[in-house]
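Please read it beside the structure.

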Amino acid sequence: MESRNYLVGEKKYINFEITSCEDEAIVITDALYALKKDGITVETGKAEVDGNEIRILLDTDEPGVFLLEVAVTIPPETIKRNCVIRVLES
């Protein structure tokens, strides 16, 4: 599972690139995310889509370990990925 480190107070994008194992064109029709801490959802939203890349702007104002759950729809499939976000005191 991927992980990223942030410092408290940072506001920055996390980017994901979606690729095809068979070199086929990818058309992302939807990308949603949920940010959770201790199993409780603290933020949800729609990710920005640009071609085969998605971007999520995270605003980190609380220290701790979060789980970012991302669901990307590439019809007829929906692919889910998780990323651990560690927010550290500066």
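This is a predicted model: local features need pLDDT of at least 70, side-chain atom pairs count only at pLDDT 80 or more; totals for chains, interfaces and linings use all residues.

1. Leu35 stands opposite Leu68, a residue of E7. The strands behind this part of the sheet are E3, residues 30-37, and E7. They pair in the antiparallel sense, over seven bridges.

2. Next, the other partner of E7. E7 and E8 also run antiparallel, and eleven bridges join them. The link from E7 to E8 is a hairpin through two residues. E7 therefore has E3 as one partner and E8 as another, with side chains in a regular strand alternating between the two faces of the sheet.

3. Now the largest pocket. Its volume is about 460 Å³. The lining counts 21 residues, and those closest to the centre are Ile18, Thr19, Ile26, Ile74 and Ile79.

4. Which elements give two or more residues to that lining? They are strand E2 (11-17), strand E7 (64-74) and strand E8 (77-88). E8 supplies the largest share, with four residues.

5. For anyone setting up a calculation on the pocket, here is the make-up of the lining. Twelve of its residues are nonpolar, three are polar and six are charged.

How values were computed
Residues are numbered from 1 along each chain as its sequence is written. Side-chain values use heavy atoms; hydrogens and water are left out. On a 1 Å grid over the protein atoms alone, a cavity is a set of points where a 1.4 Å probe fits but cannot get out, and a pocket is an open set with protein on both sides within 12 Å along at least five of seven lines; lining residues have an atom within 4 Å of a point. Grid points are joined across faces, edges and corners, and a volume is the space filled by probe spheres set on the points. Ala, Val, Leu, Ile, Met, Phe, Trp, Tyr, Cys and Pro count as nonpolar, Asp, Glu, Lys and Arg as charged, and the others, Gly among them, as polar. Two strands pair if DSSP finds at least two bridges between them.
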